Amino acid sequence: MTAAAAPFDRQGTQGDAERVQAAMRSFVREFGVTAALHMEACVRCGMCAEACHFHVATGEAKYTPVHKLELFRRAYRREVGPFAPLVRALNLVPRPSIDDLQQWQELIYDSCNMCGRCTMICPMGIDIAELVKEARHGMFAAGLIPERLALMDRTARQWGSPATPAEDLPDILAEIVEQHGEPIPCDLPAADVLVTAAPAELGDHTHALAAAAKILNRAGVRWTMHQGGFDASNIGFNNGDLPLQEQLTRALIDTAVKIGAKTVLLPECGHAYGAARWEAAKWYPQGVPVRVMHMVEYLDELIASGKVRLKPIGETATFHDPCQIVRRGGLEAAARRVLAALGFELHELKDHGRFAYCCGGGGGVVSNVRAAPLRAKAFEIKKAQVEATGAKHFVTACGQCRITLEMGAKQAKWDRQVESLLELVAERLVDEGKP
Amino acid sequence: MTLLDFARGPALQFAIIVFVFGVLWRLVGVLLLPRIGDRSPPREGAPATWLGAARTVVRRMWPRREFIERTLYPTLNSYVFHVGLALVVFGLAPHIVFIRDWTGLSWPALPSDLVLAIGVVTLVSLVAVLVRRLVHPVLRLLSHAGDYLSWLVTALPVATGLATTMDFGPRYETMLALHVLSIAALLIWFPFGKLMHAFFFVLSRGATGARFSHRGVEV
């Protein structure tokens, strides 16, 4: 498929034939009407290449989004499409081989963030990002995902989080409380809001968790974190591991139900939102029994209701739109309302809102060490756009985006700090009774 | 039976049967697949599913300002040959007569010299499409044999139609027969290749429009 052999990893002990069969079986299961319509409608116009940061940054044809679906397309044409028997009988489309699948790993994991910018440009409206996610299920079934992601997968299966075992949560939270001085309730038997975290908030970004605690405490919310479900970053969603996605989703929702919480509050994390807000219903066919909210919309509601008031900053800012909460999540306006409440004069990036370029780290790419050089190239697009705004603050609302952008800035020796919307809100809270 | 009789008679009839049954087979084959519903609660204020779908179908008729800088040439050229094909097919007097004989529907024709000029522009535009597909690294990578065949069966009726009108090549009846045969080829290939996007574009855009309007995103 590509000129030079691409790196790949393998998990498990399946033979090659079994891997191909597992991938094909999984691919075939994905084709409902929508996926099939999207497979059928492509006219190979190549427009999607012009939306993809990896293609734009490198000029390499192989990063064309719809090309990343080539093996998925072959599976569709051979096994599912309306002319499948004819296609198979005449071998019009070759069956993917183990080499094809292995070489495909780079395209579907290293060079796709499932950010969906390609979905926005496609004249046929094909949701390529969703199809890549569906194709990842087959790659996972075949034991053909980047080892770094597989390692996180194994950890999350055991611990409920790729960062830390559930039993360590009380100690970690106690340390954060000590460090930042803001009480964080843990394992309360009853609460209105179950608050969840991204892995980094239990490690490098503890300030963000303390910020959430400060806001919730000031707003008088009855909340808790809980060992039963505390990490919202759904690694199963990114990796293509559906059983793990279900396990992690259920941990959050069922824990919330157990403690009588009406709301699961997700952290500043994009894929957490994609997994819990839009996909939890897969496992709750009668309806998700709690409200799932991203931090941005929660802040937006707290501000709108007057439960928290902010001291305006009154400086210029630009905002990086996290793909999963804006382009694929619908929180474009909510994020801007929070920025406005902070008194920012917003200087939008050239490509912003649902047309924003991805940070380059989503979909597990930030954790995939192998993809670092490619990520660094994509970062240059964002860097140039941020510089062009001349804004003083560079803000975002996703911890993973922040990590990716911070890594990019460090490598490019770019002296810009990436700020968290949540942390800014916490810093600018008006203390009632004080001037 | 002359070549023209054959073209207008059995060849065209066969082609129309393949076209109708092929299109139905492909559409039904896709639409009968399982429907994987979205049971997530919609964004507050999200439009009805059908409305969200319809808006995206319409919205994607024209390019987004955000992308036009990088896609100006293929976008413009796509408009040229799509609009050109429509004007030639539905604007030329003999075509309208042909359609009237089959369906009873008719409308005023465009001046034949104008249609001729549009035909030339359309053919040039289609040649540009082919050249781009042959030289652009992304398109070369994406293209399958079927894509070139789709191009051929689209361009041939335009080329033979122009030759017929301009009295170019063999005698008129033979050229007209070749023109009709090229249309038969188009109809026969239509259900099997990407020309089906003429039907699928509505459904494909609509599915994405439904998915994202549910989430409160205008796509």
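**Exercise 1.** In what order do the elements of chain B run from the N terminus on?

*Solution.* The model is predicted; local features need pLDDT of at least 70, side-chain atom pairs count only at pLDDT 80 or more, and totals for chains, interfaces and linings use all residues. Residues are numbered from 1 along each chain as its sequence is written, while chains are lettered from A and ligands numbered from 1 in the order in which they are written. Helices (H or I, at least four residues) and strands (E, at least two) are DSSP runs, numbered from the N terminus. In chain B the order is α-α-α-α-α-α-α-α-α. The count is nine helices and zero strands.

**Exercise 2.** Describe the extent of chain B and the sequence range of its contacts.

*Solution.* Begin with the C-alpha trace of chain B, which spans about 65 × 40 × 40 Å along its principal axes. Next, apply the burial classes: a residue is buried with 20 or more other C-beta atoms within 10 Å of its own, exposed with 12 or fewer, and partly exposed in between, the C-beta atoms being placed from the backbone. Chain B has 219 residues, of which 32% count as buried. Finally, two residues are in contact if their C-beta atoms, placed from the backbone, lie within 7 Å. Among contacts in chain B between residues at least 6 apart in sequence, 73% join residues at least 24 apart.

**Exercise 3.** Characterise the side of chain A that touches chain B.

*Solution.* The contact takes 46 residues from chain A and 46 residues from chain B. On the chain A side, α2 (33-41), α7 (117-121) and α14 (270-279) each supply at least two residues. The largest share, seven residues, comes from α2(A). For the classes, Ala, Val, Leu, Ile, Met, Phe, Trp, Tyr, Cys and Pro count as nonpolar, Asp, Glu, Lys and Arg as charged, and the others, Gly among them, as polar. The side of chain A that touches chain B has 25 nonpolar, eleven polar and ten charged residues.

**Exercise 4.** Is Val20(A) buried or exposed, and with which residues is Val20(A) in contact beyond its neighbours within four places in sequence?

*Solution.* Val20(A) lies in helix α1 (residues 16-30) of chain A. Val20(A) is buried, because 21 other C-beta atoms lie within 10 Å. Leaving those sequence neighbours aside, the contacts of Val20(A) are Pro96(A), Ser97(A), Ile98(A) and Leu101(A). Val20(A) and Leu101(A) are 81 residues apart in sequence and 7.6 Å apart in space, C-alpha to C-alpha.
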